[in-house]
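Please read the following report alongside the sequence and the three-dimensional view. It moves from a single residue to the chain as a whole, and then to side-chain contacts.

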Amino acid sequence: MKRNLIIGSILNGWLISLFPLIAKIAIFTGLALYLFNAYDEYDYQLRTGGHK
């Protein structure tokens, strides 16, 4: 029983330490997708000759 608690604590700590990395990846991926879509819309409007 004590061994399972130690292993569980180690795994739990490892997963909690990954949360900041996962948050950074999510934020930067979302920002990159937003900027790509904004540029793509701008380029499309520029090529078609009109803005909404």
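## After the helix

Gly-49 lies in the segment that follows helix 1, where helices (H or I, at least four residues) and strands (E, at least two) are DSSP runs numbered from the N terminus. At 67% relative accessibility, Gly-49 counts as exposed, a term that stands for over 50% relative accessible area, while buried means under 20% and partly exposed lies in between (1.4 Å probe, protein chains only). The C-alpha atoms of Gly-49 and Ile-27, which are 22 residues apart along the chain, are separated by 33 Å.

The model is a predicted one, in which local features need pLDDT of at least 70 and side-chain atom pairs count only at pLDDT 80 or more, whereas totals for chains, interfaces and linings use all residues. Residues are numbered from 1 along each chain as its sequence is written, and side-chain values use heavy atoms, with hydrogens and water left out.

## The chain as a whole

The secondary structure of the protein chain comes to one helix and zero strands. Along its principal axes, the C-alpha trace spans about 70 × 15 × 15 Å. The radius of gyration of the chain is 22 Å, whereas a compact globule of 52 residues would have a value near 10 Å; the radius is taken over C-alpha atoms, and the globule rule is 2.2 Å times the number of residues to the power 0.38. Buried residues make up 2% of the 52 residues. The accessible surface comes to about 5,000 Å², with 71% of it belonging to carbon and sulfur atoms, as given by the Shrake-Rupley method with a 1.4 Å probe, where for residues only the protein chains shown count as cover.

## Contacts and a patch along the helix

A search of the whole structure finds one aromatic pair. The ring centres of Tyr-39 and Tyr-42 are 6.5 Å apart and their planes stand at 45°, so the pair is tilted; rings of Phe, Tyr and Trp (its six-membered ring) pair if their centres lie within 6.5 Å, and planes under 30 degrees apart count as stacked, over 60 as edge-to-face and the rest as tilted. Both tyrosines lie in helix 1 (residues 2-48), three residues apart, which is about one turn of the helix.

Side chains of opposite charge can pair when their charged atoms come close. The structure holds one salt bridge, which means a side-chain nitrogen of Lys or Arg within 4 Å of a carboxyl oxygen of Asp or Glu. Here the side chains of Arg-47 and Asp-43 meet at 3.2 Å, N to O, and because they are four residues apart in helix 1, about one helical turn separates them.

Ile-27, Phe-28, Leu-31, Tyr-34 and Leu-35 form a nonpolar patch on the surface, with about 580 Å² of accessible area together. Patches are made of residues with over 30% relative accessible area and no salt bridge, with like charges joined within 9 Å and nonpolar side chains (Val, Leu, Ile, Met, Phe, Trp, Tyr) within 5 Å.

The table gives accessibility values for several residues.

| Residue | Relative accessibility | Class |
|---|---|---|
| Tyr-39 | 52% | exposed |
| Tyr-42 | 45% | partly exposed |
| Arg-47 | 58% | exposed |
| Asp-43 | 23% | partly exposed |
| Tyr-34 | 57% | exposed |
| Ser-17 | 46% | partly exposed |
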